[in-house]
Amino acid sequence: VQLVESGGGLVQAGGSLRLSCAASGGTFSKYGMAWFRQAPGKEREFVGCISLSGGSTDYADSVKGRCTVSRDNAKNTMYLQMNSLKPEDTAVYYCAARYYSSNYYYPYRGSQEYEYWGQGTQVTVSS
């Protein structure tokens, strides 16, 4: 599956952004999806993930209550709605996918658990 992120940009602290991740080349509903981010000089970190049907989500503590992951399987697209943005949210945001051969889903947080990655989209939050 190929993944393409979009929606990044420059926003002031306290503002909002909605990132999108468009998938192609696979059966989207067979993939658990996730968002990660990587700030300069830091390791890639988990942001949030969503189950195959979209009925279950999980978030890093750093974004819980401010971010919402959703997906539209009819449009082969995942979203990350980010509100109350802070300068420390500045990073390149990546979407990732993990194929599930069954309907048993687990909310993996490790980047090594995901097989497919997008190219990333830059989010910059100014203070």
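Biologist: What are the ground rules?
Modeller: The model is predicted, so local features need pLDDT of at least 70 and side-chain atom pairs pLDDT 80 or more, while totals for chains, interfaces and linings use all residues. Residues count from 1 along each chain as its sequence is written, and side-chain values use heavy atoms, without hydrogens or water.

Biologist: Strand 8, is it mostly covered or mostly open?
Modeller: Mostly covered. Five of the six residues in 77-82 are buried, meaning under 20% relative accessible area with a 1.4 Å probe, protein chains only. Strands here are DSSP E runs of at least two residues, numbered from the N terminus.

Biologist: Which strand pairs with strand 8 over six bridges?
Modeller: Strand 3 (residues 17-24) does, antiparallel. Strand 7 (residues 67-72) also does, again antiparallel. Pairing takes at least two DSSP bridges.

Biologist: What stands opposite Leu 80?
Modeller: Leu 19 does. Val 69 is a bridge partner of Leu 80 too.

Biologist: How many residues sit between strands 7 and 8 in the hairpin?
Modeller: Four. Asn 76 in that turn has a positive phi of about 55°.

Biologist: New topic. Where is Arg 66?
Modeller: In the loop between strand 6 (57-59) and strand 7.

Biologist: Which side chain makes a polar contact with that of Arg 66?
Modeller: Asp 89, at 2.8 Å. A polar contact is an N or O pair within 3.5 Å; within protein, one atom must be able to donate a hydrogen and the other to accept it, and sequence-adjacent residues count only if both atoms are side-chain atoms.

Conventions. Buried means under 20% relative accessible area, exposed over 50%, partly exposed in between (1.4 Å probe, protein chains only).
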